[in-house]
Amino acid sequence: MPTAQRFYLREVLDGVALTAGHFFRNMGRHIAHAFGRPVKGAVTIQYPEERRPYSPRLRTLHRLVRREDGSPRCVACMMCETVCPAHCIYIVAEEHPNPEIEKMPARFDIDLGKCVFCGYCVEACPEDAIRMDTGILEFSTYDRRSMVYTKETLLALEPADPDGRPRSLIPIPPSRAV
Amino acid sequence: MADVGIAIGRVAFVMLFVLNLGGLLGWVERKQSAIMQDRIGANRASIFGLRVMGLFHPLADALKLLAKEEFRPAHADRFLYWLAPFVSVFFGLTAFASIPFGPVIEVGGRQIPLQAVTLNVGVLYVFAMLSLGVYGVMMGGWSSGNNFALLGGQRAAALMISAEIAIGASIIGVIMVYGSLDMMEIARGQGELLWGWLPKWGLVTQPLAFVLFLTAGIASTKRIPFDTPECESEIIGYFVEYSGMKAGMFMMADFLETVVVAGMTTALFLGGWQVPYLAADGFHFPGGAHLGMPAALVVFLQVMAFVIKVSVMIFFMMLIRWTLPRFRYDQAMRLGWLGLFPLSILNIVVTGLVLLATGGPAS
């Protein structure tokens, strides 16, 4: 260590000048902000009230795409269930009333406690029936069973706004509803 | 009867000042560090939706700490383990007693010095109390029955001794210049003017001692950059085994010591309650201009000056705490014994020579 640094004083004053500079600059901005000027004294985003816009490519909570009549577009081909590396999709197929369409899902459950959000199900789907564009990320629950989302819940979800803001409310599975 | 009332009033003022400031420091620390780091800081605690810039957070902290489980390790010494946090806080609180927050005022023929206790060895009293505070820390480290806590207590003791020596030696220069150990006399002496215009504050007459005292004072508060006794963030300090409000009291003691060191610095180096050029009957500016003032206003201004000076010193100490990394144990020891202590001795010698050349102490 050079002799000058051994006295620490100069280094301490340099450091204090830097942090004090930040303090007074930010303090001035906070005061200006309080008087209605459009400056911000901090880079903080106050999370639950304010959110950063998500990228449109972000993979968020799944939804099942609906046909015009509201029934699922899914044909229960089991592609997504097969490709899923986490084995979190569970499908039971049934006959579709329309003879032009072979099958439709009787059950379509996704266990989000297992899902790794890889997006393979979206890529594997030949019918573009499952998408991960709801913009919803906060679906915490108090027990594992509530992490299983059913066909009805997934069908009810809407895609997010272009800036990634979710349009649907966070779905509350039945066992969690109070 | 009136005398007892006055005495209680003086003590109550100092007590409430130190306690409230100490409690408020938790908020100051959070908010100041946040603003220094381009953040907003804790602002969520609210009463009826009222947030007031996070001012309720210290309150919420205290409630949380009081409601937490009090856990005592099986091997702990029951009595000393219980006593240690109280010792720490007690000496932190009492240390402020002989620091004057205002001049001697005269009400109804009574001389009332504005300090909790009038002591003619006030400086030594504050040091004694500050040094005794470390016993709480050592007790806590030893009685926890945990070897890591014991090591933390030992680090505290070693750091305290090297800091105390430098504190004691660095203020000898101040005592020589003002010719008294009474804090009130020292504060009064700082109201005089050098060459007719420069207030004779300790900062002006003893600049080296100011730096040394402040460094050693920060070391004696056991906060960053001298927080080797605690090392909250990664190593283990003396209060590992404490939980709930007992741990809170150790933290509180740190804040109280910060207030005491800020008060000491103010009283010894920043002119105490003196406002520059303000005498008992108003302002006397160096040019000869005079601005008369009622005595009550003068006293109010002087007490406010003391409060503001203490606040500025606390701000500065917080600034240092949130700027510097920690000194390693051996660096702190080297700084204390090979840096601060010899420089303090040098300061005494130079002060003595200057006083000899200029004709004795000012008094």
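The C-alpha centres of domain 1 and domain 2 of chain A lie 53 Å apart, with domain bounds taken from an automatic or database domain assignment. The model is predicted: local features need pLDDT of at least 70, side-chain atom pairs count only at pLDDT 80 or more, and totals for chains, interfaces and linings use all residues. Residues are numbered from 1 along each chain as its sequence is written, while chains are lettered from A and ligands numbered from 1 in the order in which they are written.

**Overall layout**

- In chain A, the assignment places domain 1 at 3-34 and domain 2 at 63-176.
- Chain B has 12 helices and seven strands, these being DSSP runs numbered from the N terminus (helices: H or I, at least four residues; strands: E, at least two).
- With 363 residues, chain B has a radius of gyration of 22 Å, close to the 21 Å of the globule rule, so it is as compact as a globular protein of that length. The radius is taken over C-alpha atoms, and the rule is 2.2 Å times the number of residues to the power 0.38.
- Along the principal axes, the C-alpha atoms of chain B fill a box of roughly 70 × 55 × 50 Å.

**Where chain A touches chain B**

- Contact here joins 12 residues of chain A with 11 residues of chain B; two residues qualify if their C-beta atoms, placed from the backbone, lie within 7 Å.
- On the chain A side there are seven nonpolar, five polar and no charged residues. Ala, Val, Leu, Ile, Met, Phe, Trp, Tyr, Cys and Pro count as nonpolar, Asp, Glu, Lys and Arg as charged, and the others, Gly among them, as polar.
- Helix α2 (residues 9-34) of chain A packs against α1(B) at about 95 degrees, their axes 7 Å apart. Axes are lines fitted to C-alpha atoms, for helices over the stretch in contact, and angles run from 0 to 180 degrees between N-to-C directions.
- α2(A) and α1(B) are therefore roughly perpendicular (65 to 115 degrees; under 35 is roughly parallel, over 145 roughly antiparallel, the rest oblique).
- From α2(A), A:T19, A:H22, A:F23, A:N26 and A:M27 meet B:Q32, B:I35 and B:M36 of α1(B). That contact has four nonpolar, four polar and no charged residues.

**Inside chain B**

- Helix α1 (residues 2-36) and helix α2 (residues 57-67) of chain B pack at about 120 degrees, with axes 8 Å apart, and are therefore oblique to each other.
- Among the residues joining α1(B) to α2(B) are B:W27 and B:R30 on the α1(B) side and B:P58 and B:D61 on the α2(B) side. By class, this contact has three nonpolar, three polar and two charged residues.
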